[in-house]
Amino acid sequence: METTTQTLKANIRSALNNDRLQAAVLKATNHSLAKRAEVVAELPNWEAMRSEAALRRDRTLTRLDDTLLELEKNATAKGIQVHWVADGEEANQIIGQICREAVSGSETTSTKGEVVKPLIAKSKSMTTEEIGLTPFLESLGFEVVETDLGEYIVQIAGQAPSHITAPALHLSRQDVGRIFVEKLGVEYREDPVELINIARGILRQKFLSAQVGITGCNFAVAETGTPLIVENEGNGRLVSAIPRVQIAVMGIEKVVATLDDLMLLLELLPRSATGQRITGSVIFFNRPSSSRESDGPRELHLVILDNGRTKALADPKLRAVLRCIRCGACLNACPIYRTTGGHAYGWTYPGPIGAVLAPVFLGLEKAKDLPFASTLCGRCSEICPVKIDLHHMLLHLRQEIVAACPQPILEKVMWQTWETVMDHPALNQALAAIPRFLLHEVLRSHWSPKLPLWGRDRSSPNLAKESFAQMFKREFGEHK
Ligand code: SF4
């Protein structure tokens, strides 16, 4: 992914011209915010819980290496195979190898002589989106099926998820009905229950024939060596119960030290993400199944991914971003996300959290535009259940980008002029009359409605005749 100024602007323009998209995103985010507000209001100690969660996440981050080693030791002792990977490429290679071994020797042709691709069932995982796992496995000749309904819809539509927890949030039920007609060849339906039943009928067959199940990992408890996922649809249960081999993929920050820490986060996550008190299932991957058990994977792998996270860990101003529990609440609250939806951001994690993670994971040069896709209003920081100060991180990243990346000459000259004027009050006051005159007399009355971008959607402010400094001087005399 490379979100350049041009692609970002083009994406935003296209989103702003898409009324259907805007209506769907606004409806869904409003709904999520309202549900969240209801269940948060039930807890008088919500703010104390947020502070406690932030404290515990930070405590784990300060001894992340030891906590991860404890996770590895306890997981390995139960038969879980742990793989450490530095980046997406290494993760894909290892997962590809596990999948190849899992299907070796299995039938590759059907009874009708058709070539049958070995099947991998996936449950929702943004970490696997981050590393491009699905296209990689497809390039190796596997059929990879997303089994979360939203993920399945965007997969068959050939799109990327547009939200961390609600991948198809940008689509209305009418859009989904049309996608099903085009991609599945079924009759048009727009009733959500009928649409779910169509998908369920197809996915059930896939679950039964999948040879490998791939899941994400919402958390992994170090003291018990247990990765786990939270989910609502039951697909995570099937992906982790039916295939003979299961692979769970986690970023290093998903480790929690104790079950006690986990319990607190399990209170905060569903309330913030989907406005639920608790999700439909919390599935613990405790160990591989034995030959005496009829379900559960015989082989259980845990892939622990860095992919830029230790860079954030080493930066005191960004470290707290690793507290993130991927609830998506900051997206729902962000005025930019609520207007453009997630695809405009151009990479896996949209919204404020994505604009912070992108420069960390991809490097400043590749993601230099995203931290500027924010109003810095602070709604993201206010809503975050683990109190990540996202808007100040965005400000910090902007400073780093300006220092590290070449800026347009005109912009440089503008800001230097601004700095000089602001450093000299007399000059500042003398020059202030010019923009006041321009704004008041010229822009507002004559030009504003004709300016192509500015004037079309806005009216210029109605300025007072005098500046504050002039009023102060008139009322109180010269400031000594
Ligand atoms: S930054 Fe906070 S609000 Fe945003 S996804 Fe992460 S935990 Fe949720």
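Mentor: Start with β2, which has both faces covered: Leu 119 and Ala 121 on one side and Ile 120 and Lys 122 on the other are all buried. A residue is buried if 20 or more other C-beta atoms lie within 10 Å of its own, exposed if 12 or fewer, and partly exposed in between, with the C-beta atoms placed from the backbone. This is a predicted model, where local features need pLDDT of at least 70 and side-chain atom pairs count only at pLDDT 80 or more, while totals for chains, interfaces and linings use all residues. Residues are numbered from 1 along each chain as its sequence is written.

Trainee: Why do neighbours in a strand end up on opposite sides?

Mentor: Because side chains in a regular strand alternate between the two faces of the sheet.

Trainee: Which strands does the sheet contain, and in what order?

Mentor: The sheet is open and has six strands in the order β1-β10-β7-β4-β2-β3, with parallel pairing. Two strands pair if DSSP finds at least two bridges between them. Helices (H or I, at least four residues) and strands (E, at least two) are DSSP runs, numbered from the N terminus.

Trainee: Which ones are the edge strands?

Mentor: β1 (81-85) and β3 (143-146), each of which pairs on one side only. On average, neighbouring strands of this sheet are turned by 20° against each other, direction ignored. The axes behind such angles are lines fitted to C-alpha atoms, for helices over the stretch in contact, and angles run from 0 to 180 degrees between N-to-C directions.

Trainee: Back to β2. How many bridges does it have with β3?

Mentor: Four, in the parallel sense, with β2 covering residues 119-122. Glu 146 in β3 is the bridge partner of Lys 122. β2 also pairs in parallel with β4 (residues 212-215), over three bridges. In β4, Lys 122 has Ile 214 as its bridge partner.

Trainee: Is Ile 214 buried or exposed?

Mentor: Ile 214 is buried, because it has 30 C-beta neighbours inside 10 Å.

Trainee: What does Ile 214 touch?

Mentor: Leaving out residues up to four places away in sequence, Ile 214 touches Ile 120, Lys 122, Thr 128, Ile 247 and Val 249. Two residues are in contact if their C-beta atoms, placed from the backbone, lie within 7 Å. Val 303 is 89 residues from Ile 214 in sequence, with 11 Å between their C-alpha atoms.

Trainee: New topic: the whole chain. How many helices and strands are there?

Mentor: The chain has 22 helices and ten strands. Of its 480 residues, 40% count as buried. The C-alpha atoms fill a box of roughly 90 × 55 × 45 Å along the principal axes. Among contacts between residues at least 6 apart in sequence, 73% join residues at least 24 apart.

Trainee: How do α9 and α10 cross?

Mentor: The axes of α9 (residues 173-184) and α10 (residues 192-209) come within 10 Å and cross at roughly 30°. In that contact, Arg 173, Val 176, Gly 177, Phe 180 and Leu 184 of α9 meet Pro 192, Leu 195 and Ile 198 of α10. By class, the contact has six nonpolar, one polar and one charged residues. Here Ala, Val, Leu, Ile, Met, Phe, Trp, Tyr, Cys and Pro count as nonpolar, Asp, Glu, Lys and Arg as charged, and the others, Gly among them, as polar.

Trainee: And the ligand? Which residues are closest?

Mentor: The closest are Cys 324, Cys 327, Cys 330, Ile 353 and Cys 384, out of 16 residues that surround the ligand. A residue is near a molecule if its C-beta atom, placed from the backbone, lies within 6 Å of it. That shell divides into 13 nonpolar, two polar and one charged.

Trainee: Is Lys 387 buried or exposed?

Mentor: Lys 387 is buried, because 20 other C-beta atoms lie within 10 Å. Leu 376 has 16 such atoms within 10 Å, so it is partly exposed.
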